[in-house]
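The following questions and answers are meant to be read beside the sequence and the model. Please keep both in view and locate each residue as it is named.

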Amino acid sequence: MSKCTMAARVGDVLIGDGGHIVVQTMCDTHTSDVEATVAQCVRLAEAGAEIIRVTVPGMDDVESVRRIKEALRAKGINTPLVADIHFSSNTAFAVAPIVEKVRVNPGNFHKDHSEAIRRFRELIRICADNGTAIRVGVNHGSLGDYITNLYGDTPEAMAKAAMEWVGICAEEDFHDVVVSLKSSNTRVMVDAYRCFNSEMTAAGTVFPLHLGVTEAGNGDSGRIKSCVGISTLLSEGIGDTIRVSLTEDPEAELPVARYLAARYERRIVSSMTSVSIQGRKAFATYHSPSFETLLMDVSCDFGKRLLDKELDDLELSGEYMDEAGNPVSIEASGKGAYLVDELMQAARRRFYRPEYISCPGCGRTMYDLKAALAEVKAKTSHMKDVVIAVMGCVVNGPGEMADADWGYVGEGNGKVSIYKGRTPLMRHVPENEAVDRLLELIEGDGSI
């Protein structure tokens, strides 16, 4: 069967059909704070975001979205806005005529699958009438009972769920559709996208794909994990738009996303100057203009090969320039061994510290997520072979921390829930006590 590659129009931005890789991000302000959200959107647009997403927790926020869009257009900023919807189909119906795209997981519209389908068809008709695109967002850990009862909580299940929803779009003759299949686990994320892309290709119609490693964390580890997952797929020609999800200010996501887009559009090349392979170990030399560039180059050069077990180990040499423009030896500084350890962990090959899952935060986050993650990391860094999730809210936290052994989830009102796996062990814990309670539970658990 011949393959037809689709394109989705989001405002003035075209995603797919061989076009450039579109860079996007998401506000972490409260959408009800119109002034703060507008100001952040301005900064993000100026920093290179081509699409900006805002959360719409409920009907009360729909009017705020309208005001945000009007204020941005009055300032001459035409960057398309995406409404992020969780669960509420009525909120999706109300906001769809206002924004350029809505992001939904249709399986969350209702526990009865036939009713979820009916509501998704209604959303499609509203979007078609208003020229609004849809992102079908299928996340590992929040697939719903219908699909997991059939296929389990697996990459294949994610692909099957996504195929059903895009099939409904095709039945409705609606094609302004983008699809994401995200996970905080790079192996699961890559397998899900590969499986879905193969199924779409076999069916003859390929919708554009939004790539991202969800809840990647922060700092070097968040950047490395994002580069490993996203670059693996982009190197195979899979993916049309990207978002790097970091538990940092959203402006910090954009340099990494721009690097990935430029690299896989062949506008920049790696700073690696030589590489040799001995057995299943690579020896690579770099001369990099900065440590961050080195980090991203190494992640893209070797992430896929480690993830797919083409290589088992890596050794780095050469130099990078520090902020003052002085050369720093990769080997002598210890940065080479450090990057290899982080890359091995991101590729799920070898773990040398706890694995942290943390969402980037959004308008649903009701506490200082960045500070909580920093404190959790500081107090658990000595541990090994444990996966800890720090999540911004109870809306998607418990479901999307699918791989976590332990979870720290904000409730709002200064309180936190602590989970073991998906089971809440403590609720309504005061924030100033919650990290210590989490630590006590982990250290008292006989499984570590």
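Q: How much space lies in the second largest pocket?
A: The model is a predicted one, and the values here are computed from it. Empty space is found by rolling a probe the size of a water molecule over the atoms. For the second largest pocket, the space comes to about 370 Å³.

Q: Which residues are the closest to the centre of the second largest pocket?
A: The lining of this pocket is made up of 25 residues. By class, the lining divides into nine nonpolar, ten polar and six charged residues. The residues closest to the centre are Gly18, Gly237, Ile238, Gly239 and Asp240.

Q: How many cavities of 30 Å³ or more does the structure hold, and how much space lies in the second largest cavity?
A: A cavity differs from a pocket in that a probe fits inside but cannot get out. The structure holds three cavities of 30 Å³ or more. In the second largest cavity lies a space of about 100 Å³.

Q: Which element supplies the largest share of the lining of the second largest cavity?
A: The second largest cavity is lined by 14 residues, and Ala216, Ser221, Lys225, Arg353 and Glu355 lie nearest its centre. The lining divides into four nonpolar, five polar and five charged residues. At least two lining residues come from each of α8 (219-234), α11 (335-346) and β17 (355-358). The largest share, four residues, is supplied by α8.

Q: How many of the residues of α8 are buried?
A: Helix α8 has 16 residues and reaches 22 Å from its first C-alpha to its last, close to the 22 Å expected at 1.5 Å a residue. A residue counts as buried when its relative accessible area is under 20%. By this criterion α8 is mostly covered, and its buried residues number 14 of 16.

Q: Within what arc do the buried residues of α14 fall?
A: Helix α14 covers residues 431-443 and reaches 19 Å from its first C-alpha to its last, close to the 18 Å expected. Its buried residues are Ala434, Val435, Leu438, Leu439 and Ile442. Seen down the axis of α14, these buried residues line one face of the helix, because they fall within an arc of 130°.

Q: How many disulfides does a search of the whole structure find?
A: A disulfide is a covalent bond between the sulfur atoms of two cysteines. Here a pair of cysteine sulfur atoms must lie within 2.5 Å to count. The number of disulfides found in the whole structure is zero.

Q: Which cysteine has the sulfur nearest to that of Cys300, and how far away is it?
A: Cys300 is buried, with a relative accessible area of 7%. Cys300 is in no disulfide. The nearest cysteine sulfur is that of Cys227, at 4.5 Å.

Q: Is Cys359 buried or exposed?
A: The cut-off for a buried residue is a relative accessible area under 20%. The relative accessible area of Cys359 is 8%, so Cys359 is buried.

Q: What is the phi of Arg266?
A: Most residues other than glycine have a negative phi. Arg266 is found in the loop between α9 (253-264) and β13 (272-278), and it is exposed, with a relative accessible area of 65%. Although Arg266 is not a glycine, its phi is positive, at about 65°.

Q: What is the phi of Asp17?
A: Asp17 is found in the loop between β3 (13-16) and β4 (22-26). Asp17 is not a glycine, yet its phi is positive, at about 55°.

Q: How far apart in space are Thr132 and Met321, C-alpha to C-alpha?
A: Thr132 has its place in the loop between α4 (113-130) and β8 (133-139). Thr132 is buried, with a relative accessible area of 1%. Thr132 and Met321 are 189 residues apart in sequence, and their C-alpha atoms are 46 Å apart.

Q: How far apart in space are Ile117 and Ile168, C-alpha to C-alpha?
A: Ile117 lies in helix α4 and is buried, with a relative accessible area of 18%. In sequence, Ile117 and Ile168 are 51 residues apart. In space, C-alpha to C-alpha, the separation is 8.2 Å.

Terms used: Residues numbered from 1 in each chain as written. Predicted model: local features only at pLDDT ≥ 70, side-chain atom pairs only at ≥ 80, totals over all residues. Heavy atoms only, no water. Buried < 20%, exposed > 50% of the residue type's maximum accessible area, 1.4 Å probe, protein only. 1 Å grid on protein atoms, 1.4 Å probe; cavity = no way out; pocket = protein on both sides within 12 Å on 5 of 7 lines; lining within 4 Å. Points joined across faces, edges and corners; volume = space filled by probe spheres on them. Nonpolar A, V, L, I, M, F, W, Y, C, P; charged D, E, K, R; others polar. Expected span 1.5 Å × (residues − 1). Arc of directions from axis to C-beta.
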